[in-house]
Amino acid sequence: MSPGDEHDSFGGVGGSGQTRTRLPEGNSGDVYGGARRPVRSSRSLLTVVGVVVVLVAAIAFANRGGGEPADAAGARSGTPGRTAPTSATGVRPVTGKNGTIPTGYAHDDQGAQSAATNFAVALGSVEMFQNGPREAIVRAIHDPAIADGLVRQLDAAYTADFLAGIGLDANGAAPSGLTFVSRTIPVGTKVKDYTDTSATVEVWCTGLVGLAGQGSTKPVTSTWFTLTEKLKWVGGDWRLESSTQAEGPTPVNGDNRASTADEIAAAVEGYGGFTYAR
């Protein structure tokens with residue numbers, strides 16, 4: 001699909017183990033958005049030189065108005081497809097960062113899950129809507145062999161007209177007084193296939209997207225989706241080759257009241273994200 005595709009709701013970005021989190025990165029008036037709508041996925045997919053990657057594009061939103069660790073006990077998550085304990089394994093999953101992107105994943109299936117989870121977060125971030133930060137993300141997480149073509153394709157997709165339809169300016173910035181929200185929150189991972197040089201990992205996610213603040217006509221909404229990421233071991237680390245998306249699994253919506261615009265904006269600005277790890 002391309003930025004011309006149409007849906008009626010904006011989309012975000014389990015099995016062998018459940019994802020735990022590490023290292024925090026930061027710290028009733030009008031009903032904002034009214035009742036929750038049925039959740040449906042609508043993030044676009046983009047093919048670049050035969051590689052499919054998640055294009056974190058607000059299509060319907062606009063239309064709506066280190067080295068391998070030693071063989072420690074519990075170091076691996078076990079046979080792909082089996083459920084692993086929720087307790088921490090004790091293996092340090094990430095040893096460094098490339099800018100804001102965690103790097104240095106373990107050369108095993110746990111490391112692949114950690115990589116895929118953090119890649120999902122990066123692809124679903126606000127920075128993907130800004131030219132410079134978007135290129136930095138693409139180059140940090142993708143196989144270098146495909147990065148150049150992917151950067152060009154994404155730059156062509158995020159046009160000024162497209163961003164204006166989302167409510168952002170040509171630089172991907174929100175109007176004064178509003179906060180643009182785009183977050184992917186991983187819930188769990190499952191290894192579908194693993195070798196020493198490649199891995200296929202599913203990441204079950206929920207996502208938030210919209211404009212928060214008084215006067216917003218595009219309130220922040222949530223969605224549920226699963227990313228299937230194909231990874232390659234390149235230059236001593238896991239890198240992304242392709243990513244596809246499917247809707248759900250989606251839980252029944254709870255009875256929580258929808259928060260006000262100010263509450264959502266304050267939450268986004270006040271609560272930092274995480275580096276995720278198996």
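## Strands 8 and 9

Start with strand 8, residues 221-234, which is joined to strand 9 by 10 bridges. The two strands run antiparallel. For a landmark along this pairing, look for Leu 231: across from this residue, in strand 9, stands Leu 240. Keep in mind that this is a predicted model.

## The sheet around them

## Helices 3 and 4

Elsewhere in the chain there's a pair of helices to look at. Helix 3 spans residues 131-141 and helix 4 spans residues 144-157. Their axes come within 10 Å and cross at roughly 150 degrees. Angles over 145 degrees count as roughly antiparallel, so that is how helix 3 and helix 4 lie to each other. As for handedness, the crossing of the two helices is right-handed.

So who does the touching? On the helix 3 side, the contact is made by Asn 131, Arg 134, Glu 135, Val 138 and Arg 139. Helix 4 brings Ala 147, Asp 148, Leu 150, Val 151, Leu 154 and Asp 155. Sort the residues of this contact by type and you get 5 nonpolar, 5 charged and 1 polar.

Conventions:
Residues numbered from 1 in each chain as written. Predicted model: local features only at pLDDT ≥ 70, side-chain atom pairs only at ≥ 80, totals over all residues. Heavy atoms only, no water. Axes fitted to C-alpha atoms, helices over the stretch in contact; angles between N-to-C directions. Helix = DSSP H or I, 4+ residues; strand = E, 2+ residues; numbered from the N terminus. Parallel < 35°, antiparallel > 145°, perpendicular 65-115°, else oblique. Left-handed = near helix turned anticlockwise from the far one by under 90°. Contact = heavy atoms within 4.5 Å. Nonpolar A, V, L, I, M, F, W, Y, C, P; charged D, E, K, R; others polar. Pairing = 2+ DSSP bridges.
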